Amino acid sequence: MKRIILLGFCFFIFAGTVFSQSNLSLSQIFAEETFTQKRFGPIRWMKDSEGYSSIEKNEETGGEDIVRYEAATGARKMLVSSEELIPEGGTDPLKVADYQWSADNSKLLIFTNTKKVWRYHTRGDYWVLDQESKQLRKLGKGIPSSSLMFAKFSPDASKVAYVSEYNIFVESLTTGEIRQITTDGGGDIINGTFDWVYEEELGCRDGFRWSPDGEKIAYWRSNTKDIGTFYLINNIDSIYSKPIPLPYPKVGEKLSAVKVGVVAAHGGETQWFDIPGDPQNNYLARMDFIPGSEELLIQQLNRRQNTNTVWIGDSKDMSLTRILEEKEETFLDIHDNLIWLEDQEFFTWTSERDGWRHLYKVSRDGQSTTLLTQGDFDVERISHIDPVAGYVYYIASPDNFTQRYLYRSPIFQTGKAERITPMGSPGQHAYQLSLDSKYAIHTFQNASIPPVISLVDLPGHNTLRVLEDNQELKEKYDRLGLRPKEFFKVDIGEVVLDGSMIKPADFDASKKYPLIFYVYGEPAGSTVQDSWMGGDLWHQYLAQLGYVVISIDNRGTKTPRGRDWRKSIYGQIGILASEDQHAAAEKILSTYDFIDPSRVGIWGWSGGGQMTLNCMFRYPELYQTGIAVSFVSDQRLYDATYQERYMGLLEDNKAGYFEGSPINHAENLEGKLLIMHGTADDNVHYQSFEMLVDKLIAHDKLFSMMSYPMRAHGINERKNTSLHLRKTMEKFWLGNLEPGGR
């Protein structure tokens, strides 16, 4: 029976919606979008650093204006009105999905009419607006609509290059002439963008670069011929099923053969770099021109992903010089913090070589290396590198791994880390800095405060203007009368873990409550963070049903706790993490008298779904109930790039792959289990679901299951999906893990 907790009968009317304290509904969260936060931008700092551009809704036209604000004064100036974005002969302005300025701010490139490619909207139409002539023109005349990807101006803004149907085109903005500079794209060949696994696991999407002089284009070419094809099946959109082929390299199978070439911007024959090593057993993870030169810096990651070899390639004679080799016994991460300094004689480089993730300055020949961000802490991410002022600005949190603050360190001399974020605002802070580092768009949030976006000056960090405070959302949230999320530590002996807890609004410490663990546990993310996370309303909803909800970050999760913390999970995904989760659960049960050890559940999504299964199968005496969503049941079924990074090669770690895969422990299931999956999941295939179902049946284990046809990894496509999924989960919890204190 559904349990709604009301604190008295106090009601509030807000924007036409009636709220009662703690009367939080699934429909409000997943259908009505009652608690959607407002955003600001996207913004672009202008070249002069004195102002920024942003998108604003025009109520009269229904379109969007692009405006400039002066940082110092707040003075507003119209840059592009929505009327200027009405195509000739049309009546409606273009809908701006994204935009970019040319280097001199004289032209505007607009991305619109977008379509999703796997996870992201990277395909669509591009238009160029000339600021002086006010001419608006669509790119790609004669090329299929909504097929353009990654369009970008040449350095002098006279041309635009883009990808369409796996080939690269260059269009003159003066004459309108379009040149197709690659011709073999399509089928097995991908030019200028990437296959599924490069996009998903290496963050590679935009696959070509203009040379600094605008005369050449360097690009990636992938040959997917030898990748195994996985077939998704569409059974619901016609009377006959339709197979959807997906080249997808699973663990131990062949990868794309990838190479980097250079072609003249006016077309001609491509010249290829002959990078040593088997192209099907190495990744070309990063590539870009060195500013002011005809040379490229290319990063080559080996298949084990524990060696990153850095090459300088000369586009004139296609020669290669190896300048740096980063090695790690376990695995390496690829970073995008490389900036050239001191007339291109040095570049910045991120490494964990001293046990912490830090930024270094490396000479062009790779012979000298200088640590820039000194201290026993991790640089969580780089916000801005300013060679003129001589500082690198970055996010770190030396004292609280659930929070984030802005620091800076000098880049031309030795100096200690300087905290820029003022004390007194605990939570997470993010910054988008102007080129000269004098201003920043600052976003602050924590577990009970939705994002507050403001303009600040630096390094003083004085708030000049609040751009979006999400005050309406905060008031709606506060009126629910929920208990705030609590953060705590769990000492499991070998290590102290971070945890978070949500209690029911009417919590009574003299009673015993059922416990639901929310788990992720993999190296790609973290669940215990002092950030808004949409108010964590799903877990707050569960708490109002009468559950205590706890999450624990085990060793190996993506938190700024040093190299040893992150690398400890190597070779034992699903093994060490489930041990940590179990040890933390035992400690929690022995610490908090208000938790009922006979009513313990666990749930997770993706890697968390796998962790849920591992915990339930390995420790059936503790976890009585669980829900696993979009999970990997056998690690051999997942993509090679992710799984081999953290587990090593299958040939070297067969035992680890076997022990870490929950399917091999399915015979131990004793509790109540619900498994859920989308049949069109291109990331974690429905195959994982069906193989586990087959195994559970073979072991005569009873369980519940729910499939969502033609839904992908997030199970959110098509009408009513998100709400239906959460209602299904709610029904399972209420029916199999009795709620409420007793």
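Two strands count as paired if DSSP finds at least two bridges between them. I start there since the first part of this talk is about strands. The model is a predicted one.

Take strand β24, residues 307-314. It is joined to β25 by 7 bridges, and the two run antiparallel. Within that pairing, N308 stands opposite E326 in β25. Both strands belong to an open sheet of 4 strands, in the order β22-β23-β24-β25, with antiparallel pairing. At the edges are β22, residues 282-289, and β25, residues 320-327, and each of these pairs on one side only. On average, neighbouring strands of this sheet are turned by 20 degrees against each other, direction ignored.

Next, a hairpin. Strands β7 and β8 form it, with 5 residues between them. In the turn, N105 has a positive phi of about 65 degrees. β7 covers residues 98-101 and its side chains alternate. The link from β7 to β8, residues 107-117, consists of 4 bridges, and the strands run antiparallel. D98 has F111 as its bridge partner in β8.

A word on annotation. UniProt, in an unreviewed entry, lists residues 102-451 as "domain: Dipeptidylpeptidase IV N-terminal". In the model, that span is 2% helix and 49% strand, and its end C-alpha atoms lie 30 Å apart.

Now the aromatic rings. How many aromatic pairs does the structure hold? The count is 36. One of them is W538 with W603, an edge-to-face pair at 6.5 Å centre to centre, with 85 degrees between the planes. W538 lies in helix α4, residues 537-545, and W603 in strand β42, residues 595-605, so this pair ties together parts that are 65 residues apart in sequence. Are these two tryptophans, W538 and W603, buried or exposed? W538 is buried, and W603 is buried too. Both also belong to one aromatic cluster, made up of F30, Y518, W538, Y541, W603 and W605.

Two arginines sit over tyrosine rings. The charged end of R419 is over the ring of Y405, 4.0 Å from its centre. R353 lies over the face of Y360, at 5.1 Å from the ring centre.

Last, the cysteines. A disulfide is a covalent bond between the sulfur atoms of two cysteines. How many disulfides does a search of the whole structure find? It finds 0. Buried means under 20% relative accessible area, so C204, at 4%, counts as buried. C615 is buried too, with a relative accessible area of 0%.

Notes. Residues are numbered from 1 along each chain as its sequence is written. This is a predicted model: local features need pLDDT of at least 70, side-chain atom pairs count only at pLDDT 80 or more; totals for chains, interfaces and linings use all residues. Side-chain values use heavy atoms; hydrogens and water are left out. Rings of Phe, Tyr and Trp (its six-membered ring) pair if their centres lie within 6.5 Å; planes under 30 degrees apart count as stacked, over 60 as edge-to-face and the rest as tilted. Buried means under 20% relative accessible area, exposed over 50%, partly exposed in between (1.4 Å probe, protein chains only). A charge sits over a ring if NZ of Lys or CZ of Arg is within 6 Å of the ring centre and within 35 degrees of the ring normal. UniProt positions are given in the numbering used here, feature names are shortened, and annotations may be inferred rather than shown by experiment. Axes are lines fitted to C-alpha atoms, for helices over the stretch in contact, and angles run from 0 to 180 degrees between N-to-C directions. A disulfide is a pair of cysteine sulfur atoms within 2.5 Å.
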